[in-house]
Amino acid sequence: MWPLIGIGVVIIGFALRFNPLLVVVVAALASGLGAGLAPLDVVAAIGKAFNNSRYVTAVWILLPVIGLLERAGLRTRARDVVANVASATTGRILLAYLLFRQATAAVGLTTVAGHAQTVRPLLAPMVEASATRADPDISPDGLAKVRAMAAATDNVGVFFGEDIFLAVASILLIKGFLDSNGIFVTPFQLSVWAIPTAVAAFVIHGARLLRIDRKPT
Amino acid sequence: MIGLPFLYALAGLMFAGFAVSTLADRAHPRRFGSAAFWGLLALSFLAGDRLGDLGNGVLVLALVALAGTGRLGKGSPPTTSPEQRAASASKYGNRLFLPALIVPAVALLGTLLLGPPLVEAKQVTLVSLGLGVVIALVVLQLWLKPPLRAPLDEGRSLAESIGWALVLPQMLATLGAIFGLAGVGAIIGGFASGWIPEGSRLAAVLAFTLGMAGFTIIMGNAFAAFPVMMAAVGLPILVLKLGGDPAIVAAIGMLAGFCGTLLTPMAANFNIVPAVLLELPDRNGVIKAQVATALPLLAINTLLIWGLAFR
């Protein structure tokens, strides 16, 4: 039971709004000690796992490219393009993005878009422009909600598109698990069963997006 | 063969550049703390494999100590004014969108075309991403002719506005590994299988999908929840006892876990980092925008398994 202490640390630490990095490391230390490891062994295990997960942080090498583009006015341009097209409403822009993100993820192209690559430099300024056109008196909070929905749409699109692709990590993980338990399925048998949920995600989230156009945010 | 070390060298050099330019920025409000933070990250990327496990552990503790005690700050590296950006936007027009496509295009082409013996098969996408960044930087420097140090200044400015959240996803991956080592998954799986009432197929499916979503909320990652819930409920009860189709149970069960990913700050990459990137006043703003999609979708996934897996 003691290894679970890390989960308690996470829940309490996040609820009390301590610095999340601090919370996570304390949770790792607590669970390691709770499992009966020696303190120095826990620190070493944390170091080893951190070193093996560097690829997670390495994707930030994108930052200088995005910074250069923003410096040259990319966000301004994205805003202007939308401001001049009256039919480009917030709901329609996000719906088109949802479809694009699901479709590209379904053929394995999860890295063509993302929060740093497309949402911040392109999608967010576009929907801010369309929301401001729909309601010139929109509050900063209203604009923040629109930006949050842009990020949410990226997540929903990629999550419920990528599993249709055969070679994605989650499909391989499922296949590996079933294989090791003596159940043999092909990646195709798994990925077709991602399609009903993908359609449901498009319908549910898409309906929410189109509703943005009908009510003032 | 080219593999992750190529990508890590690029990232290490970038973080080292951030550290040096922070140190040189005398007006920086948290000059030494910030420089130390980026410097430690650079050390991890450039020499992590030579530090040893304990050395890396101490490095992690130092990073967290700097972030946790508020030693990180935001400087103001030189950049263009809003007026200059507007002028540049109207000068270059829609051509500005083209270089934005270089990184995704190279990542795509590289993934399709590169491979052994030149590039390690497993790392092709990440290596291509790094290659795309290098090509895009060269093109942008030649075309827009910003000052030579501009990529570093602009990159540092973005990195400083993300701050500690930049390493949070990696730290959570680390926590997942420690939870695995401590046997957290097996304990939770034991609870989940103990709660299922006898004889009800819908209750068993619910225990599985809610368990996937709930455990994903705790771990921040459906991949960590999947083997645990499959071993505790999915395989022994839904497949072996009730005769469900393993492909349907597993595939849709994973997607039930993804619904949990939409609901948790532990999935920092998807929920916390964008909140910071988009300067949302509420750190949980993205999660709040996702609740009304995630909950109905979780219900649908439950019904899909219930209706499709037992025909």
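Predicted model: local features only at pLDDT ≥ 70, side-chain atom pairs only at ≥ 80, totals over all residues.
**Entry 1**
I began with the contact between the chains, and I found 92 residues of chain A touching 109 residues of chain B.

**Entry 2: α10 of chain A and α12 of chain B**
I then looked up helix α10 of chain A, residues 169–180, beside helix α12 of chain B, residues 222–241, and their axes come within 11 Å and cross at roughly 25°. Because angles under 35 degrees count as roughly parallel, I wrote down α10(A) as roughly parallel to α12(B). The crossing of these two helices is right-handed. On α10(A) the contact is made by Ser170(A), Leu173(A) and Phe177(A), while α12(B) brings Phe223(B), Phe226(B), Pro227(B) and Met230(B). Sorted by class, this contact has six nonpolar residues, one polar residue and no charged ones. As a reminder to myself, residues three or four places apart on an α-helix point the same way, because there are 3.6 residues a turn.

**Entry 3: α2 of chain A and α3 of chain B**
Which residues of α2(A) make the contact with α3(B)? α2(A) passes α3(B) in a left-handed crossing. The residues I was looking for are Leu21(A), Leu22(A) and Val25(A), and they meet Val60(B), Leu61(B), Val64(B), Ala67(B) and Gly68(B) of α3(B). I counted seven nonpolar, one polar and no charged residues by class in the contact of α2(A) with α3(B).

**Entry 4: α2 and α3 within chain B**
Next I followed α3(B), residues 52–68, to helix α2 of chain B, residues 31–47, where the two axes are 10 Å apart and the angle is about 155°. Angles over 145 degrees count as roughly antiparallel, and therefore α2(B) is roughly antiparallel to α3(B). This crossing is left-handed. Among the residues in contact are Phe37(B) and Leu40(B) of α2(B), together with Leu59(B) and Leu63(B) of α3(B). The classes here are nine nonpolar, two polar and no charged residues.

**Entry 5: α16 of chain B**
Last, I checked helix α16 of chain B, whose 24 residues, 285–308, reach 35 Å from the first C-alpha to the last, close to the expected 34 Å. Where is the kink in α16(B) centred? I found this kink, of about 45°, centred on Val291(B).

Definitions and conventions
Residues numbered from 1 in each chain as written. Chains lettered and ligands numbered in written order. Contact = placed C-beta atoms within 7 Å. Axes fitted to C-alpha atoms, helices over the stretch in contact; angles between N-to-C directions. Helix = DSSP H or I, 4+ residues; strand = E, 2+ residues; numbered from the N terminus. Parallel < 35°, antiparallel > 145°, perpendicular 65-115°, else oblique. Left-handed = near helix turned anticlockwise from the far one by under 90°. Nonpolar A, V, L, I, M, F, W, Y, C, P; charged D, E, K, R; others polar. Expected span 1.5 Å × (residues − 1). Bend = angle between axes of the 7 residues up to and from the residue.
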